[in-house]
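I opened the file and kept notes as I went. The entries follow in the sequence of my look-ups.

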Amino acid sequence: MRLIDLKLLYRDWRGGQLNLVISALVLAVTVVTAVSLFADRVERGILQQISQFLAADLAVRGGIEIDDQYRVKATELGLETADTASFRSMVFVGDKNHLAAVKAVSMDYPLRGQMELTSDPLGHNVSVSGIGPSQGEAWVEPRLLTLLDAKLGDRVEVGYLTLEITRLIINEPDRGTGFGGAGARIMISLKDLPASKLIRPGSRATYRLLMSGNESSISNFKQWYEDKERKEADELTVPHYRLLTPEGAEEQLGETFTRGRAFLLLSGTIGVLLAGLAMALASHRYANRLTDQVALMKAWGQPSSAVRRSQFVRLLMIALVATCLGILFGWLAHYFLLELAKGLLNVELPLPSWRPWIVASVTGVICVLGFALPALWHLPAIAPLKVLRRDLPTSLVSQGKRLWIGIAALFALTAWYSTSLVTASLFLGALFVLFAVCALVALQFLRLVKGFGAWQGSYVRLGLANLWRRRAQTLVQLVGFATTLMLLLIVTGMRTNLISEWEAQLPADTPSHFLFNVADAEVEGVREILAKDSLETTEWYPMVRGRLTHINGDLISKERLARSGGLSREVNLTQTTTLPPSNKIVAGSWWESAPEKPAFSMEEEVATELGVTLGDEITYSVGGLTFSATLTSLRSVNWQSMNPNFYVIFYPGALDKYAPNWVTAVKAGDLVRKEGDALTQQAPFIKEMVQRYPTAIVLELTDVVSRIRDVITRVTQGLELILLLVLACGAMVLFASIGVSFDERLRENAILRTLGSSKKVILGALTVEYAALGFVSGLIASMGAETVLYFVQTKVFDLSAQWHPSLWAIGIFAGVALIVLLGLLRSREIITVAPLESLRRLA
Amino acid sequence: MPNKILRVRSVNKTVQTADQSLTILNDISFDLEASQSLAIVGPSGAGKSTLLGLLAGLDEPTSGDIWMGEHHITEMDEEGRARVRAQLVGFVFQTFQLLGSLTALENVALPMELAGQTNAQSRAKEFLDKVGLSERLSHYPKQLSGGEQQRVAVARAFACAPKLLFADEPTGNLDQGTGAKVSDLLFELNEQSQTTLVLVTHEQRLANRCQTIITIDGGELTQTVDNRKEQSRAIA
């Protein structure tokens with residue numbers, strides 16, 4: 001490397017010739033760094049937790065209590081064991097209540113990893129513990145104190161129990177994968193569980209038998225478990241238990257992460273594509289500027305190899321500096337993403353691995369090689385004679401070739417990001433189709449605009465004529481802007497509109513509260529409480545949890561069950577004589593009187609997925625006991641009604657012996673309340689009900705909706721942030737493509753000025769040109785966004801379609817404002833430089 | 001023989017157009033002694049600039065031979081000619097060919113920096129001083145007038161101490177007064193540094209200041225005037 005090469009680079013930069021090339025590259029690297037740093041840290045944070053995920057070497061998990069035979073076998077093999085049971089329940093301090101995530105643990109918990117606890121409300125003085133809480137104690141997550149307005153030492157009611165809050169949980173080894181959204185956590189002793197009366201048959205709870213020990217005992221247990229599972233496969237297809245291993249969990253999550261990371265990086269790829277386009281255009285202009293320099297260098301006797309080396313050194317330095325800057329900005333931007341994801345993720349984030357840095361650096365280098373180098377490739381071959389004959393043609397790398405090189409670079413990056421050639425091809429294919437459609441629509445609009453210009457005043461005509469005359473360039477600008485703006489509008493539209501539209505379209509009598517886990521004996525009491533406030537409920541349904549095992553005596557294969565999303569795990573079963581209001585019989589008939597044999601009705605889609613028809617006999621397993629019933633009707637269910645709905649309904653009697661819990665929905669007034677005050681405006685009946693029947697669970701629809709809204713808001717805000725960076729790449733394209741025609745514009749406007757046009761006319765024409773460009777971009781973006789939202793509304797959310805005038809207004813306004821602003825900024829020299837100087841400069 | 005810096009023998013240049021071959025230069029031969037000055041004159045399109053390009057080793061003739069000093073440049077490939085140019089040749093152009101992103105000082109220093117000379121800056125300053133622009137070192141070309149730009153170009157050409165300086169219409173873009181000043185400068189520096197000057201020009205007055213004038217018309221060398229005799233006759 002020679003000093004002069006660096007000097008030349010510095011002078012090019014000082015002359016402003018590299019601004020666009022570097023900014024585009026910085027942006028591309030920023031987008032990719034931010035996204036991959038974010039994905040990497042979250043992924044590693046969660047994976048790190050998985051290594052302690054089980055708080056054991058091995059665990060058996062089930063929806064019912066773990067059978068003793070597993071414990072016996074574990075003890076026999078010399079394994080240590082511990083037990084946990086997790087479920088949701090209302091907890092109270094004074095008259096405040098919260099639907100918490102309760103975990104009851106045996107004293108030996110955790111077997112692996114440690115609990116981090118503190119007695120300091122500020123979270124200092126953290127100590128570690130290898131044992132669980134004692135009887136009478138409750139350890140809680142700090143935020144529960146805030147929610148319940150409580151402090152350490154207060155007494156918390158959990159079911160029929162009153163416990164003292166003695167410690168705060170800072171961290172626990174098996175708190176899960178970190179995707180929160182559930183209630184605040186509270187940990188109690190397993191010995192206290194019976195007295196709480198919280199768990200009764202049919203309650204939804206997760207039990208774990210934790211085991212730890214030496215490797216051979218662990219693998220012996222695994223072997224024994226697998227053999228047993230194979231044998232039992234003939235008796236019961238869907239086992240009540242699953243064996244959890246750290247490797248299994250990691251494998252499963254690994255796949256999720258690969259997909260998540262690919263999704264984020266692919267959205268970043270649009271940014272890389274636009275930045276690449278901007279770089280290619282800007283590099284072309286840079287190459288034009290370098291032509292004289294290279295011709296001179298060669299006339300002075302510099303060999304082609306020296307020119308090539310100088311070019312490589314410059315590009316290498318550009319790649320290096322821009323990549324470093326991009327990494328720096330990306331590093332800052334990823335904190336914004338983390339901030340947005342904070343509420344969703346409950347993990348400690350480790351430092352990132354080497355991967356994001358590699359991804360960012362390779363992106364920088366590939367962008368330079370794929371987008372900038374082809375535009376500059378011809379320079380060393382410039383004939384020295386060009387110093388005398390400037391008209392001598394330069395053998396540029398053809399536009400087609402450059403396009404293919406750019407696409408190849410993009411494909412390489414996309415394939416690498418998504419680790420799949422198929423995904424890369426589909427994604428880029430879809431993107432190019434989108435671009436093509438945008439371009440076609442834009443071309444039609446341009447035609448209209450041109451026609452409109454023909455009978456307008458001078459500068460309007462001039463501006464619109466320019467748009468049409470440089471239509472190739474116009475289309476590049478349009479497509480770049482319109483697609484990014486469209487994506488931004490879609491994401492914003494989903495965030496701001498969809499949930500409220502869904503809420504607005506809920507019928508007026510939609511229930512506001514759901515009551516679960518109400519015991520047989522409590523139903524009357526709860527009814528009375530509700531009657532006092534004259535609150536209406538839907539029907540009361542008894543509910544037990546069970547699984548399907550056989551169809552007409554044949555085992556249901558796992559594959560067959562997996563086909564039906566609804567029935568692949570334990571499902572809620574109920575019995576009733578009256579057809580629920582939002583259900584319609586589509587085949588067979590609802591029972592008018594008691595059928596001769598046990599009978600049931602099934603939701604039609606699940607029945608189709610399972611491949612069962614009327615008259616089939618299906619065997620169910622509830623808590624290990626089995627019974628059979630005949631399918632006598634199929635129902636269509638309107639899930640939007642928000643009433644308690646069931647896949648499977650039996651004729652009354654079938655479930656009696658399984659001690660069901662009762663469930664109902666309450667209509668307690670207006671559903672839509674101001675956000676953020678869900679806790680303070682609790683419906684009055686709740687307090688009395690949960691105090692009298694502490695094991696009952698109340699779920700408020702507003703809470704559920706606000707939780708969904710929160711998740712959607714955070715996810716879409718994250719995407720918006722990425723898309724804003726992408727939009728900046730779109731702005732680069734605009735800048736770069738104005739640059740392509742800059743000299744031509746400078747000359748034309750100098751001539752116009754010389755011929756007597758005022759500055760005002762030139763400014764007017766440019767404004768009209770950019771405004772029309774922005775208008776068409778915004779229009780196309782809004783059209784596209786509205787189309788996508790239409791499909792999301794009608795197909796995904798089952799809502800009736802709705803126009804979004806605000807979206808159109810924002811789209812068109814943003815398009816016009818952005819493009820006029822950026823366009824005039826880039827063109828200010830065209831307007832301000834005196835005509836004589838323009839001409840002299842171009843001589 | 002050793003003081004012949006340029007020897008041109010039967011040089012032809014033809015270019016192939018779509019349907020015919022076009023003769024630009026036909027059978028050009030002449031010699032030029034070191035430290036002399038030569039003007040190439042002739043009407044537009046006569047082939048003057050083409051000849052200049054061939055003499056400077058920027059292009060290859062279709063046939064014929066050119067020696068630059070002892071270098072038989074028509075036998076060399078582009079890389080070989082580049083080495084010879086780096087060693088012997090300097091240029092002044094009609095359009096100045098200053099790099100817009102470089103200051104006057106940087107423009108003058110650039111060829112020396114490229115050649116790896118360590119005293120590029122000081123020498124550049126010295127020559128800018130010689131052309132009367134020591135106050136404009138950090139000015140960019142667009143901040144300079146046409147005459148000033150050409151003076152920077154002249155400084156750049158002489159700062160490299162070339163043996164042979166090729167000037168293509170050096171005053172072609174300047175008004176008469178400025179052109180005269182620039183040509184004074186050109187000849188003055190030529191005299192001082194004993195450079196051989198080859199210039200293409202339309203201007204008879206400029207051509208008359210050269211020791212030899214050759215006229216090219218229709219690609220042929222139609223006239224050679226030895227101005228030394230004319231000049232000495234005039235003095236006598």
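Helices here are DSSP runs of H or I with at least four residues, strands are runs of E with at least two, and both are numbered from the N terminus. α1(A) itself has 12 residues. From first C-alpha to last it reaches 16 Å, close to the 16 Å expected at 1.5 Å a residue. The expected span is 1.5 Å times one less than the number of residues.

I noted the ground rules. This is a predicted model: local features need pLDDT of at least 70, side-chain atom pairs count only at pLDDT 80 or more, and totals for chains, interfaces and linings use all residues. Residues are numbered from 1 along each chain as its sequence is written, while chains are lettered from A and ligands numbered from 1 in the order in which they are written.

Next I looked up chain A as a whole. I found 22 helices and 23 strands. The C-alpha trace spans about 100 × 65 × 55 Å along its principal axes. Of its 843 residues, 44% count as buried (20 or more other C-beta atoms within 10 Å of the residue's own; exposed is 12 or fewer, partly exposed in between; C-beta atoms are placed from the backbone).

Then I checked the contact with chain B. Chain A puts in 23 residues and chain B 24, where a contact means C-beta atoms, placed from the backbone, within 7 Å. On the chain A side, α1 (3-14) and α7 (246-299) are the elements that give two or more residues. α7(A) gives the most, six residues. By type, that side divides into 11 nonpolar, five polar and seven charged. Nonpolar covers Ala, Val, Leu, Ile, Met, Phe, Trp, Tyr, Cys and Pro; charged covers Asp, Glu, Lys and Arg; the others, Gly among them, are polar.

I went on to the cores (sets of buried Ala, Val, Leu, Ile, Met, Phe, Trp, Tyr and Cys residues joined through C-beta atoms within 7 Å). The largest nonpolar core has 201 residues, and A:Leu25, A:Ala275, A:Ala278 and A:Met732 touch the most other members. α7(A) gives the most to this core, 23 residues. Beyond four places in sequence, the contacts of A:Leu25 include A:Ala275, A:Met279 and A:Ile318. Apart from this core lies another of 97 residues, among them A:Tyr541 and A:Trp662.

Is A:Val491 buried or exposed? A:Val491 is buried, because 21 other C-beta atoms lie within 10 Å. I placed A:Val491 in helix α13 (residues 471-504) of chain A. Leaving aside neighbours within four places, A:Val491 touches A:Thr716, A:Leu719, A:Glu720 and A:Leu723.

I turned to strand β1 (residues 58-62) of chain A. Five bridges join β1 to the antiparallel strand β10 (residues 205-212) of chain A; strands pair if DSSP finds at least two bridges between them. A:Ala59 has A:Leu210 as its bridge partner in β10(A). β1(A) also pairs with strand β11 (residues 241-244) of chain A, antiparallel over four bridges. There A:Arg61 stands opposite A:Arg242.

Last, I looked at chain B. An open sheet of six strands runs β6-β7-β8-β3-β9-β10 with mixed pairing. Its edge strands are β6 (89-92) and β10 (220-226) of chain B.

Key
Contact = placed C-beta atoms within 7 Å.
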